[in-house]
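Visitor: I am new to this structure. Please take a close look at one part for me, the aromatic rings and what surrounds them.

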Amino acid sequence: LLRLVRRLRSEAYGDFAWIYDAALGLPFSAASAPILESVLSSRPELLRLKSLDLACGTGLGTELLVRNGLSAAGVDASIPMLRQARDRGLRVVCGDLRDLPFRGEFGWITCLYDSLNHILSERDLLRVFREVRTLLASDGLFLFDVNQPEVYELIWSSTDSFQFDDDTASLEMRTSFSRRKKIGTAWIRGSASRNGRRIEVTEVRRQRAWSRPEIEGALDRSGLVVVERNDFDPFEQAADTGVGIKWLYVCRKS
C-alpha cells in the first residue's frame with residue numbers, strides 16, 4: 001500500500017491543482033463541452049446508466065456529465081485536485097487508472113485533456129484500457145483525447161514557455177521533448193492565492209507521445225473498437241503551428 005501511495009504521489013498533480021482550472025482546465029472544458037454534448041445527445045438511451053470520469057482532476061469533466069443528466073463519479077490520483085472536485089459537490093475518489101476502485105457497469109467512461117499521455121509505458125496503457133473494458137457496459141462508450149505526436153515534436157520542443165497570470169495565480173511552464181524516449185517534460189513554476197495565503201508551485205510533469213498505431217493497437221489488444229476518431233483543436237493552435245493537436249476517440253467493446 002505504501003508503495004502504491006508513493007507512486008500515485010509521484011504521478012499526481014500537487015499544488016499545481018490550485019492554478020490548474022484558471023490556466024488550463026476551464027478553457028479546455030469550454031472548448032470540449034460542445035463535442036462531448038453532441039456525442040452524449042446521440043445516445044440518449046445510455047443516460048440511464050452510470051458514467052465514470054477517469055483522471056477527473058478538479059471535476060470539470062465530471063460536472064459536465066452531471067449537467068447532461070448522468071449519474072457520474074470521478075477518479076484521480078491527486079488529492080489537491082479531488083478536494084476542488086468535492087468543493088463542486090461531485091462524487092469522486094482517489095485511485096489508480098491501472099487498478100480502478102469500481103465494480104459494476106458504466107454506460108459512459110471518459111478520460112479527458114490528454115490524461116492518457118501521462119501514462120508512460122505500453123504495459124500501463126494496456127492496463128488502463130483493460131480496466132475500462134471491464135467496467136464498460138456492453139452498449140457503452142469510452143471517450144478520450146490524446147495529444148498527437150507532432151505536438152511534442154514542435155510545441156514541446158520550443159524554447160518559448162507557456163505563461164499565465166491573473167489576480168489569483170501566476171504560472172510559467174517550460175517544456176522539452178526527447179525524441180529517442182518519446183517523453184516530454186514540463187517544468188512548472190508559479191504561485192496561487194488559497195484561503196488568504198500564497199502557495200508556491202514547483203513541479204515536474206512527464207508525458208508520452210503516443211502514435212496512432214500504438215494507441216489503436218493497445219485498444220485492439222484490450223478488446224476495444226474505435227467507433228470514431230476525430231482531430232480536436234481545443235485552443236485553435238493548429239493554424240499557428242501547422243500540425244494537428246489532439247485526437248478524440250470514441251470506442252466501444254469489441
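Guide: Arg208 lies over the face of Trp210, at 4.1 Å from the ring centre. Lys50 does likewise with Phe106, at 4.9 Å from the ring centre. Keep in mind that this is a predicted model.

Now the rings themselves. The count comes to 10 aromatic pairs. Take Phe144 and Tyr249. Their ring centres are 4.9 Å apart and their planes meet at 10°. Planes under 30 degrees apart count as stacked, so this pair is stacked. Phe144 sits in strand E5 (residues 136-147). Tyr249 sits in strand E11 (residues 246-253). The pair therefore ties together parts that are 105 residues apart in sequence. Phe144 and Tyr249 are both buried. Elsewhere, one aromatic cluster is formed by Tyr20, Phe28, Tyr113 and Phe232.

H7 spans residues 212-221. Its buried residues are Glu214, Ile215, Ala218 and Leu219. They cover an arc of only 130° around the axis, which puts them on the same side of H7. An α-helix has 3.6 residues a turn, so residues three or four places apart point the same way. Pro213 and Asp220 are on the other side of H7, and they are exposed. After H7 comes Gly223, with a positive phi near 85°.

Terms used. Residues numbered from 1 in each chain as written. Predicted model: local features only at pLDDT ≥ 70, side-chain atom pairs only at ≥ 80, totals over all residues. Heavy atoms only, no water. Phe/Tyr/Trp six-rings, centres within 6.5 Å; stacked < 30°, edge-to-face > 60°. Helix = DSSP H or I, 4+ residues; strand = E, 2+ residues; numbered from the N terminus. Buried < 20%, exposed > 50% of the residue type's maximum accessible area, 1.4 Å probe, protein only. Lys NZ or Arg CZ within 6 Å of the ring centre and 35° of its normal. Arc of directions from axis to C-beta.
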